[in-house]
Amino acid sequence: MIDSQELLTKLYNAFNPFEPLPAGDPKYVDCQDVRGDVDILQEFGNRIQRADRNTCQLYSGHRGAGKSTELLRLKQYLENRKFYVVYFAADEEDIDSEDAQYTDILLACTRRLLKDLQQFGDASPVLNWLKERWQDLKDLVQTPIEFDNMKLEAQIAQFAKLTANLRAVPELRQQIRRKVDPHTVTLIKVLNEFLADAKSKLPNGYTQLAVIVDNLDRMVLVKDGENTNHEEVFLDRSEQLKALNCHLIYTAPISMLYSKRATDIRDIYGECLILPMIMVKTRTGEVYEPGVKKVKEVIRKRVRQIEQELPLENGIFDSQQTLERLCLMSGGHVRNLLLLTQNAIGRTEELPISEKAVRRAITQARDDYHRAVENHQWCLLAEVSRSKRIVNDDQYRSLMYNRCLLEYRYLDEDQEMQRWYDIHPLIQGISEFKEAVAKLQ
């Protein structure tokens with residue numbers, strides 16, 4: 001029998017909030033029916049399969065809602081249908097989300113495609129491009145070796161060094177962009193030559209290529225004059241973003257899809273897919289039992305990987321009320337649910353997890369949200385809590401980006417999709433919010 005401290009340690013790690021679930025993971029919970037019937041396999045998978053030309057699509061939603069897990073499901077779905085899929089999280093090795101521009105993304109795609117497809121395609125067009133720029137770039141790559149003296153693997157590795165410095169060395173970032181930016185069109189051209197050759201030699205009966213670039217939704221909004229870096233990437237550079245010779249899916253910041261340029265986004269990319277929250281309350285404030293049941297299932301499946309015998313209520317948690325409070329205070333946001341649960345486990349010496357431990361976890365998380373709201377925004381949050389609508393305004397978009405405002409969807413009696421918004425439940429207990437609500441009344 002597992003001892004109590006080892007059990008708590010295993011449970012704590014089972015609720016890691018920063019690891020997406022791989023496709024087919026037994027901990028996965030299908031929440032489509034409490035998310036307004038949003039289905040990435042149907043929306044993106046079918047679109048990609050049926051298109052007679054390359055597609056480029058945007059996927060968005062609140063950070064931590066579960067997009068990466070859904071994208072990994074899509075990857076497997078496409079692979080089962082003879083697509084070779086290159087998936088990567090752009091911020092892990094290549095770009096700095098605090099300061100990202102289009103050139104960074106193109107270099108990131110180049111590095112990853114070379115890495116994943118070099119065994120199939122002739123990389124020489126891309127390497128010749130790099131060779132022509134070498135005198136300008138070798139100091140920024142920080143290597144004294146001449147390009148011609150490198151072996152093929154070392155030449156390809158130079159792209160990894162370039163993107164690593166782009167991400168990790170801010171003083172080199174602008175220099176790299178200035179050197180590469182005038183040549184992005186020619187880089188796309190040679191990259192497409194490489195892709196065409198690789199696609200003709202894909203293994204195992206694969207016939208098409210798809211690239212999924214994740215975590216671009218984490219790009220922090222930076223304003224430069226009238227435009228933002230979000231507009232520079234997804235609008236000003238859209239033709240280049242779409243130009244790679246394969247099917248493309250990029251994640252995009254949710255604030256971008258609610259900006260004044262939303263119709264431009266639709267005109268360029270078609271219908272964009274947004275992953276909403278799990279609906280744990282109705283628009284009128286009643287507990288939505290199907291949604292709460294799904295959230296409990298997320299917890300139950302992770303617990304059952306570690307402990308099969310103890311019941312979730314009056315076993316892992318000290319009561320049904322404690323568990324339900326945790327579920328409701330997550331707002332149906334998966335990462336918040338995992339963070340709250342992990343925090344409560346971290347405050348527990350012996351099972352069951354007590355109401356006090358859950359309340360302390362909630363209080364700590366509430367403090368984080370308190371700090372995320374600027375003083376003049378409390379009245380905006382109060383207004384949304386009453387109207388369940390948002391205004392097309394930068395202030396509201398900022399509150400959506402930092403997850404103080406959440407989006408929910410459901411199907412009405414006519415099977416029409418309805419969308420509504422609410423504050424994160426953690427904000428309800430903050431005194432400034434209560435004062436703002438009182439002023440409205």
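**Group meeting: strands, cores and a cavity**

Okay, let's start with a strand pair: β1 and β6, residues 247–251, run parallel and are joined over four bridges. Pairing here takes at least two DSSP bridges between the strands, and helices (H or I, at least four residues) and strands (E, at least two) are DSSP runs numbered from the N terminus. Before I go on, this is a predicted model, where local features need pLDDT of at least 70, side-chain atom pairs count only at pLDDT 80 or more, and totals for chains, interfaces and linings use all residues. Residues are numbered from 1 along each chain as its sequence is written, and side-chain values use heavy atoms, with hydrogens and water left out.

Back to that pair. Opposite Cys 56 you'll find Leu 248 in β6. β1 also pairs with β7, residues 273–275, again in the parallel sense, over three bridges, and there Ser 60 has Ile 274 as its bridge partner.

Buried means under 20% relative accessible area, exposed over 50%, and partly exposed in between, with a 1.4 Å probe and protein chains only. Cys 56, Leu 58 and Ser 60 point one way, Gln 57, Tyr 59 and Gly 61 the other, and all are buried.

Now the cores. A nonpolar core is a set of buried Ala, Val, Leu, Ile, Met, Phe, Trp, Tyr and Cys residues joined through side-chain atoms within 4.5 Å. The largest one has 121 residues, and those with the most contacts inside it are Leu 117, Phe 234, Tyr 250, Ile 299 and Leu 381. Helix α5, residues 102–117, gives the largest share of this core, nine residues. There's also a second, separate core of 25 residues, with Ile 48, Leu 74, Phe 83 and Ile 212 among its members.

Have a look at Tyr 250. Beyond its neighbours within four places in sequence, its contacts (heavy atoms within 4.5 Å) include Cys 56, Leu 58, Ile 105 and Phe 234.

Tyr 250 also lines the largest cavity, together with Tyr 102, Ile 105, Leu 106, Cys 109, Gln 240, Leu 241 and Leu 244. A cavity, on a 1 Å grid over the protein atoms alone, is a set of points where a 1.4 Å probe fits but cannot get out, and lining residues have an atom within 4 Å of a point. The volume is the space filled by probe spheres set on the points, and here that is about 40 Å³. Which helix gives the most to this lining? That's α5, with four residues. By type, the lining has seven nonpolar residues, one polar and no charged.

Over to the hairpin. β8 and β9, residues 417–423, pair antiparallel over seven bridges, with Leu 411 opposite Met 417. Five residues sit between the two strands, and Gln 415 in the turn has a positive phi of about 60°.

Most residues other than glycine have a negative phi, and most peptide bonds are trans. Asn 204, in the loop between α9 and β3, has phi near 55°, and this residue is exposed at 63% relative accessible area. Asn 314 has a positive phi of about 60° and is exposed too, at 57%. Finally, the Leu 351 to Pro 352 bond is cis, with omega near 10°, and Pro 352 lies in the loop between α16 and α17.

How values were computed
On a 1 Å grid over the protein atoms alone, a cavity is a set of points where a 1.4 Å probe fits but cannot get out, and a pocket is an open set with protein on both sides within 12 Å along at least five of seven lines; lining residues have an atom within 4 Å of a point. Ala, Val, Leu, Ile, Met, Phe, Trp, Tyr, Cys and Pro count as nonpolar, Asp, Glu, Lys and Arg as charged, and the others, Gly among them, as polar.
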